[in-house]
Amino acid sequence: EGDLANGNVPWSDPPSTDFLKANSYLMLDTRHFDHDFTDRLLAALSEEGPLDEQMDGLLVHGENFQALNLLQARYHGQVQCIYIDPPYNAKSSEIIYKNTYRDSSWISLIENRLAEARNLESAQAVVVIAIDEVEQEYLGCLLNVVFADKAKTCVTVVHNATGQQGKNFSSTHEYAYFLYPINGQSIGLQERADDPDIRPLRDVSKGEHLRTDAANCFYPILVLDGEIIGFGEVCPDDFHPEGINVVREDGIVEVYPIDPSGTERKWVFARQSVEDIRAELFAEQDAETGEWDIIREKTHFNYKTVWTGKLYSANSWGSRVLNNTLKDNKFSYPKSVHTVRDCIDAALNNESSGTVLDYFAGSGTTGHVVINLNREDGGQRKYVLVEIGYYFDTVLLPRIKKAVYSPDWKDGKPVSRKKDGKPVSCKGVTQLFKYIRLESYEDTMDSLEVTPPSEAQQNLLADNHALAEDYRLRYALGVETAGSACLLGKVFADPFSYTLSVVRDGVRREVQIDLPETFNYLIGLRVAFHQRIDGVLAIKGTDPEGRNCLILWRNLDETDYAALDAWFDRNREQVTEPLDVIYTNGDHTLNAMQQPGENWTAKTIEPIFRELMFGETSDEQ
């Protein structure tokens, strides 16, 4: 496609080494490589620090209620902001139900997921939900129940200033519900650097606002050579300065909140809080009188409850941005990146770190915005996106990859390739994110291998209607599918070879099941180390209880319990410091390897996996 930003090396298929060197922010997707490469890459990254701490984002392709269940252990109490833009149930995006209770079914859909996500919220988490007029009132009532412990504000966002034509009114707006802690300051401020509020620090609003109204607001502000150098203490009640300015012998000017008529008034900020806005203050000298006054240039404001302006246009900054990023985009009605940006920045209270969860991720605007916010200020915000739609692969995933490489695109190409005819940086950022796919209900059902009852059993059921009915309701599914591969057998003999038969794009294929990754999420492991050592996959990290865990995965035909003991003895120093729990698949005698001073316990993966995954209980250890 011609010259790219960091050099004049043209694109080729496959890309040349020089091209890759010239474009260091292009994303590398490990699914195009074999497992050996991925293992070596993760091992190298492990040397740089804990893997999960390096991870910028997580994308989950799957049904969002199932995904929220999977994330419970790993992200419990760790999400600072939840932003969701669920289906609006409008005629243009109506959800098809099997019954006629459309609004009721929509409310049930939303309630289940809101309730499930509550466990992921941190103590100060803010939840933002986009909605339009079709379900806005119903949603508001639901939020009173689900978030009874939080304050609720409904913000109006004018996203279509020209209006959507209707019979009586032309709709121009939608809504964003903010749910936030009742006490304290939880919502960040809006920055308006291009439209500041400039006025004297002396209280000049309507009313008297005299010194006697607030004694701690009457104190001198110290100015030297036109610069504010400090703040004096609150003046005693019986002290009255001779004027607006008092010039000391050392040349420092004491500026007091006295108006031109000589009336003692007050500063807007008390002495104990004025230093919080020090960066917004400057001294200004009157050209005629020569007297100094203190001016405040305010650029940060509380968000209003009505958001207007071109930046909130869903067409200009939603559809157009996405269409420019992805040449053949098929996704409709994406949000303005500025609307989502302000929602997330406000919900994070202007903090440059925190985890943002969106479990109706759609086209990936939330992830795009988080990447851009970090690009702006060097922040460490992280994103978790969940989406079930087919456009996960055609829209969401490529959009996130492109957002990493460049903030601006046109016709599917980065616009920051050249300036004045010379190559310039595409303003790419370093990014490490993971995407996983969850087994769907349909995948599970499609993979069931059904063994019907024997002829004798069928005859018995045919002769006894009550027995046949009881069998169908209570036992048929479990008994007739007991040999299905999806149940993984009792022992994970080769945890790297399990596959699932799924239908993708109308074609049935076998896809590999990632048991190690699944187990990590089941126990809530925060992965620090991932390395394959002598045929054994070793994963280290901490669980939600803060225990240091080591997980060992092996092919039992290649590494039996004796070989595992020998492996552990050889690699003890690398994997045991520090250590509280060891998990491994298959039979083992690791507990006998414990040395004096060590307090770890070794457990078998299979029974724990089944209990967490399927609710099965076992006496096995």
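Predicted model: local features only at pLDDT ≥ 70, side-chain atom pairs only at ≥ 80, totals over all residues.
**Cysteines**

I looked for disulfides, taking a pair of cysteine sulfur atoms within 2.5 Å as the criterion. By that rule I count zero disulfides. I then checked Cys-343, which is in no disulfide. Its nearest cysteine sulfur belongs to Cys-81 and is 8.4 Å away. Is Cys-343 buried or exposed? I list Cys-343 as buried, because its relative accessibility is 1% and the cut-off for buried is under 20%. Cys-141 goes down as exposed, because its relative accessibility is 52% and exposed means over 50%.

**Cis peptide bonds**

I noted a cis peptide bond between Asp-13 and Pro-14, with omega at about 0°. Pro-14 sits in the segment that comes before α1 (17-22).

I noted another cis peptide bond between Glu-577 and Pro-578, where omega is about -15°. Where does Pro-578 lie? I placed Pro-578 in the loop between α18 (572-575) and β28 (581-584).

I found Asp-534 in the loop between β25 (526-533) and β26 (536-542). Asp-534 counts as exposed, because its relative accessibility is 55%.

**A four-stranded sheet**

I traced an open sheet of four strands in the order β9-β8-β11-β10, and its pairing is antiparallel. Which strands stand at the edges? I have β9 (227-231) and β10 (245-247) there. Each of these has a single partner strand, so one side of each is left without a neighbour in the sheet. From one strand to the next, the twist averages 30°.

I then followed the pairing of β8 (residues 221-224) with β9, which is antiparallel and extends over four bridges. Within this pairing I looked up Leu-224, and its bridge partner in β9 is Glu-227. As a reminder to myself, strands of a sheet pair through backbone hydrogen bonds, either parallel or antiparallel.

Notes. Residues numbered from 1 in each chain as written. Heavy atoms only, no water. Buried < 20%, exposed > 50% of the residue type's maximum accessible area, 1.4 Å probe, protein only. Helix = DSSP H or I, 4+ residues; strand = E, 2+ residues; numbered from the N terminus. Pairing = 2+ DSSP bridges. Axes fitted to C-alpha atoms, helices over the stretch in contact; angles between N-to-C directions.
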